[in-house]
Amino acid sequence: MYDPLHDKSPGCDEKYPDSYWADVAGTPPEHDGQLDRDIEVDVAIVGAGYTGLSCALHLAREHGIKATVLEANQTAWGASGRNGGFVLKSSGRKPYATMQKQWGEEVMRGIYQEMCEGVDTVKSLIAEGIDCDQQDPGYIRVAHKPSMFKDLISAAKLQQKMFGYDVQILSRQDLHQQYMADQNAHGAIRYQDGFGINPLKLAWGYQRLARQAGVKIHCATPVESWHEQGQNEKTLQVLHTPNGIVKAKKVVIATNGYTPNGFHGLVKNRTLPVLSQIIVTQPLSPQQLEACNFLTSNVIMDTRALKYYYRKLPDNRILFGGRGAITGKGAEAPYFSERLLKVLKTNFPALENINYDYTWSGWLSMALDDLPHIYQNEQQNVFYSMGYCGAGVSFSVQAGKRLAQKVAGLDTPNLPLYQKALPKFPFAPFRRVGQWGFFQYGKVKDTWF
């Protein structure tokens, strides 16, 4: 499997993974084919996932700039088409209370507002006619042990106080009777927003809207090398693809967790690609659903350091996800899928005989400070957005919108998200040693503390 820390290219025209999403999404929308000639453009965007498509769409609609998107494989071939489909008001992995202590209440509230706007933007684009199997609203955080229920209650009260957030506190009995009888859940809090979608169909919807706005999208067009030509105001970014050279005044890097090794100095050693693994079970029978009292289609996540997340899909399958292998070389090992299935069965003992029909993995991008960053070089001609920390389905669209503002030369909010570069990882060659250590720590913490 492609490994961004080692491989120079994610491939060319690779097919979608054998995922549930790809199996049920139907026929992909048309794109503009593989680039087969040399072109000059104002803006080139590398990567046709949520970030790149959102940036292109907002450049066209709000700034009158028609960008050209270059995708190595297929639209949303990376994380945008492989994730769990959770649309949340999320801020990476950094708690709001930590933001408040570090930057003050005004900045913390500004970041919260950006996350809210991300969800609103996704909703507004879906409302334009994107069929992405949107499910009922609701996001449930379950306590994986009794001590964590107290922490969830404290978090709920803090968010109610800080944001006036409508957060419901559910006892173990309430959760089991009204939503699902997860035997490893010892109470929960439930947000009224947040919802599940088919992430691949959502990306395809963005692609249709972007092309309707005049955006060119070339799939099977990896950027194989990149250099600058000229100086000062006449500097061009020269991108070499298999069958054509693109000369652009400005370039947006929208590859996030799938950014190849050595792709550009601006993003070198600034993220850690981490594998997430997902399984989708066989459809549950009415008897199995009743035995689990699985009444909800809300999206669900637990409080472990090494989190598990799950949801009931429209055809009564269960999607269940968690961490995957550390390297791409081990990504296809059945151990990781079997581990997820085993945990699912401890949550719901009535599913002892169930198996999974689909399993796949995908790279997400971790930032050292647990926060996404949208930034640019000093010359204002190379831009990036990265580091969603596994929470990018909604915020990546907001990030694309802010990227478009930066590309158009407009100011963005005075927040660390937009004014600071991603911090570099110290001892970058040993990032995965640190990741392995964190996984070991997480196992101990989740079990004993």
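Trainee: What volume does the largest cavity have?

Mentor: Rolling a probe the size of a water molecule over the atoms shows where empty space is left. A cavity is a set of points, on a 1 Å grid over the protein atoms alone, where a 1.4 Å probe fits but cannot get out. Grid points are joined across faces, edges and corners, and the volume is the space filled by probe spheres set on the points. Here the largest cavity has a volume of about 50 Å³, and the structure holds one cavity of 30 Å³ or more. This is a predicted model, in which local features need pLDDT of at least 70 and side-chain atom pairs count only at pLDDT 80 or more, while totals for chains, interfaces and linings use all residues. Residues are numbered from 1 along each chain as its sequence is written, and side-chain values use heavy atoms, with hydrogens and water left out.

Trainee: Which residues line the largest cavity?

Mentor: Lining residues have an atom within 4 Å of a point. Among them are Val142, His144, Asp182, Arg304, Tyr308 and Phe320. By class, the lining has five nonpolar, three polar and three charged residues. In this scheme Ala, Val, Leu, Ile, Met, Phe, Trp, Tyr, Cys and Pro count as nonpolar, Asp, Glu, Lys and Arg as charged, and the others, Gly among them, as polar.

Trainee: How many residues does the largest nonpolar core have?

Mentor: A nonpolar core is a set of buried Ala, Val, Leu, Ile, Met, Phe, Trp, Tyr and Cys residues joined through side-chain atoms within 4.5 Å. Buried means under 20% relative accessible area, exposed over 50%, and partly exposed in between (1.4 Å probe, protein chains only). The largest core has 84 residues, and those with the most contacts inside it include Ile45, Tyr96 and Ile197. Its largest share, ten residues, comes from helix α4 (residues 105-126). Helices (H or I, at least four residues) and strands (E, at least two) are DSSP runs, numbered from the N terminus. A second, separate core of 30 residues includes Val251, Phe263, Leu364 and Met366.

Trainee: Is glutamine 159 buried or exposed?

Mentor: Glutamine 159 counts as buried because its relative accessibility is 14%. This residue lies in helix α5 (residues 146-163). Contact means heavy atoms within 4.5 Å; leaving aside residues up to four places away in sequence, glutamine 159 touches Tyr96, Gly164, Tyr165, Val167 and Tyr191.

Trainee: Which residue other than glycine has a positive phi near 60 degrees?

Mentor: Most residues other than glycine have a negative phi, and most peptide bonds are trans. Alanine 76 has a positive phi, near 60 degrees. Alanine 76 is in the loop between β2 (68-70) and β3 (86-87), and counts as buried at 2% relative accessibility. Asparagine 293, also not a glycine, has a positive phi of about 50 degrees. Asparagine 293 lies in the loop between α8 (286-292) and β13 (299-302) and is partly exposed, at 23%.

Terms used:
1 Å grid on protein atoms, 1.4 Å probe; cavity = no way out; pocket = protein on both sides within 12 Å on 5 of 7 lines; lining within 4 Å.
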